[in-house]
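Keep the picture beside you as you read, and look up each residue as it comes along.

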Amino acid sequence: MRQMFDSFVSLIIFIMIVFGIVSFSVAEMQVMTARRIHTAVVNQVQSSYYNVDVNEINNKLKQSFGTHREAGADKANWIVSVTPVKTVADRKDSLVTLKYRIILPVFNVAEEGQIDGYAR
C-alpha cells in the first residue's frame, strides 16, 4: 500500500511538471509569434516607404486571429502603432510598436508585453 501511494504521488508530481513545461512552451510560442508579426510590420513599413495604414494592419490582425483564443493567446487585442521619429534631418524613421497579451493556459495567468523597433 505504501509503495502504491508513493507511486501515485510521483505520478502526480510528474504530471504537474509536464503541464508546467507545456504551459511555458506555449507562452514562448506566443512571444515568437508576436516577434514575427512585429518583424513583418517593420518590413511592410520599410517597403512602403513609410506610407502605411495602421488601422488596416490592426484590422487584418483582428480578422486573421478572430476572437478565438488560439493556444491561450488573446491575439484579437494585439495592437500595432507606428510613430514617425525625427532622428536625423535628412532621414525618415518610424518607431513600430506591437502591444500584445499572452496567457499561460495551465496557470491562467495573463501577461502584457510590448515590442518596439525602428523602421529605417
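A salt bridge is a side-chain nitrogen of Lys or Arg within 4 Å of a carboxyl oxygen of Asp or Glu. In this predicted model, R120 and D93 meet that rule, with their N and O atoms 3.9 Å apart. This pair ties together distant parts of the chain: D93 sits in strand β2 (residues 91-104), while R120 belongs to the segment after β3 (109-119), 27 residues apart.

**Charged pairs**

Side chains of opposite charge can pair when their charged atoms come close. Counting by the rule above gives six salt bridges. Three of them can be set side by side:

| Pair | N to O distance |
|---|---|
| K60 and E56 | 3.4 Å |
| D93 and R91 | 3.3 Å |
| R120 and D93 | 3.9 Å |

Together, R91, D93 and R120 are linked in a network of salt bridges. R91 is partly exposed at 37%, and R120 is exposed at 53%.

The pair K60 and E56 is found in helix α2 (residues 54-65), where the two residues are four apart, or about one helical turn. An α-helix has 3.6 residues a turn, so residues three or four places apart point the same way. Both partners are partly exposed: K60 has a relative accessible area of 47%, and E56 has 39%.

**The nonpolar core**

Now turn to the inside. The largest nonpolar core contains 20 residues, and V41, V45, V80, V96 and Y100 have the most contacts within it. At least two residues of this core come from each of α1 (2-47), α2, β2 and β3. Which element gives the most to the core? It is α1, with seven residues.

Setting aside its neighbours within four places in sequence, V80 is in contact with V41, V54, I57, N58, L61, V96, T97 and L98.

L11, F14, I15, V18, F19, V22, F24, V106, F107 and V109 make a nonpolar surface patch of about 890 Å². Here too α1 supplies the largest share, with seven residues of the patch.

How far does α1 reach from its first C-alpha to its last? The helix has 46 residues and spans 68 Å, close to the 68 Å expected at 1.5 Å a residue.

After α1 comes Y49, whose phi is positive. Most residues other than glycine have a negative phi, and most peptide bonds are trans. Y49 is not a glycine, yet its phi is about 55 degrees. Y49 lies in the loop between α1 and α2 and is exposed, with a relative accessibility of 68%. Y50 lies in the loop between α1 and α2 as well, and its phi is also positive, near 70 degrees, again in a residue other than glycine.

Note on methods. Residues numbered from 1 in each chain as written. Predicted model: local features only at pLDDT ≥ 70, side-chain atom pairs only at ≥ 80, totals over all residues. Heavy atoms only, no water. Buried < 20%, exposed > 50% of the residue type's maximum accessible area, 1.4 Å probe, protein only. Core = buried A, V, L, I, M, F, W, Y, C linked by side-chain atoms within 4.5 Å. Contact = heavy atoms within 4.5 Å. Patch = residues over 30% accessible without salt bridge, like charges linked within 9 Å, V, L, I, M, F, W, Y side chains within 5 Å. Areas by Shrake-Rupley, 256 points an atom, 1.4 Å probe, with all protein chains shown as cover. Expected span 1.5 Å × (residues − 1).
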